[in-house]
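Q: I'm new to this one and would like to talk it through. Could you show me the structure before we start?

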Amino acid sequence: MRVLLVQPPFTIFVGEARFVHPPLGLAYLAAVLRRHHDVQILDALIEGHEQEELSAQREQLTYGLSEAQIAQRLRMLRPQVIGVSCPFSSQSANAARVCRIAKGIDPRVITVMGGAHPSAAPEKVLSDSNVDFVVLGEAEDAFPSLLASLERGQDVKPLPGIAFNEGGVMRINPRAPLISNLDLIPIPDWSGFPLADYFRVNMPHTGPVKRKRFLPLITSRGCPFTCSFCSIHTVWGRQYRLRSVGNVLAEMDMLVEKYGIREILFEDDNLTLNKTHATAVFRGMIDRRYDLTWSTPNGLMVETLDERLLALMKEAGCHRITLAIESGDEEILRGPMRKPLHLRRVRPVLKWAKRLGLRVVGLFVVGMPQETRAQTEETFRLAAELDLDYRVFSFATPLPGTELMQYCLERGLWSENMNYSFLRPVRPSVPTIEMSRMELLESLRRWQSAIDLKHLARHPLRAGARFAQRVLRIGA
């Protein structure tokens, strides 16, 4: 079958930093589907990243290919099946828009949506008649099985891992078993993706990378923890699974030799959870003398890091790590957030990393509904005190499939009929017990200004470069 995999345009708030990230999930699917199908790629985000359209309220903008441009490409490619990536709830309207355009051109085209949002909210997604199927969770088994049944004219009702409408009745099938042996999944296939454009634009979700020839990579799937605000389990589950060290290094061999990659973005949710495995991967990178630089965009679990492991990471080419600190209040961490972290571990890890010359990013989440004003301030205060190179503040966002969403629904803080496009962590979605959404936003702005001034005094050259980078990214 002729299958088109699509990364849709992206919507952000005006003034928010843009990013254009190579879609690793689609590269995995491309590798699997090309065994039996003709697969093409349409990354509407990178192809139209310089184009933007303001919302009617002038509060948000969407960048990427226009509807007319997407329609033109679909007429040219004539796919029988369109697989649309939807990893974020805030982008569900853009994913649905691609399906609507496709059905308008050819009502016979089969539209399939996958990712964290459709996996968590299949009923919501399938309420749009332009979406034929949803793939639930991991797609590398479920999507090929669906295509095989469609191609042969077989009944799709028994297939695990899919959801669809049948005669006006919505069917949400049980999920397919998690893929226990990750080595059975082919290495991501980046052929057909506009790699030269990703390199040239250099706007991954981490911000500009050190070396422009970069791509993402994961060594594991799944997270055994139950952080109340995290939705990644809706795709990968809670069973922590590792690729073999040899399989990971084989992918790096391919990235270096075939694509000339010079920088890796480890996108694992728990890269160092298994220290033995992580150590073997890093030693393999050193032994192969790749001369790769790399970073960890997703937050590392502070409790897994020690001075020896950090030194090994540095030797293997690491130049920047991200620490998932989240809150400055122990009660919030272990209560509403359900975060397995003791704050006493943060400062030693930060000291070791800085001594090794690593740049350190700190991730913080404020605005849990149960949070007091004092607890919010405690997080800002900790962020200001720590000698971090970068601080990323997010507001607690009730994403579908999370414990936080359930809490907000039960208390009337969020309605399932509300606009998902506003579920962006850069703006508060819900109030706390003591602060309105506007008060939360103003508090962040006030502390951000104070932190920037303090950082400028500590590191004037670095702070100036960061400010220039921020101005360039938001187009100010």
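Q: Let's start with the pairing: how many bridges join β15 to β16?
A: In this predicted model, strand β15 (residues 293–295) and β16 run parallel and are joined by two bridges, and Ser295 has Arg320 in β16 as its bridge partner.

Q: And what about β16 and β17, how many bridges there?
A: Those two strands pair in the parallel sense over six bridges, with β17 covering residues 359–366, and the partner of Glu326 in β17 is Phe364.

Q: So is β16 buried or exposed?
A: Nine of the nine residues of β16 (residues 318–326) are buried, so the strand is largely enclosed by the rest of the structure.

Q: Switching topic, which residues have the most contacts inside the largest nonpolar core?
A: That core has 120 residues, and those with the most contacts inside it include Leu5, Phe143, Trp294 and Ile321. Helix α1 (residues 24–33) gives the most to this core, with eight residues.

Q: What is Phe143 in contact with, beyond its neighbours within four places in sequence?
A: Its contacts are Leu5, Leu29, Leu33, Val81, Gly83, Val112 and Val135.

Methods
Residues are numbered from 1 along each chain as its sequence is written. This is a predicted model: local features need pLDDT of at least 70, side-chain atom pairs count only at pLDDT 80 or more; totals for chains, interfaces and linings use all residues. Side-chain values use heavy atoms; hydrogens and water are left out. A nonpolar core is a set of buried Ala, Val, Leu, Ile, Met, Phe, Trp, Tyr and Cys residues joined through side-chain atoms within 4.5 Å. Buried means under 20% relative accessible area, exposed over 50%, partly exposed in between (1.4 Å probe, protein chains only). Helices (H or I, at least four residues) and strands (E, at least two) are DSSP runs, numbered from the N terminus. Contact means heavy atoms within 4.5 Å. Two strands pair if DSSP finds at least two bridges between them.
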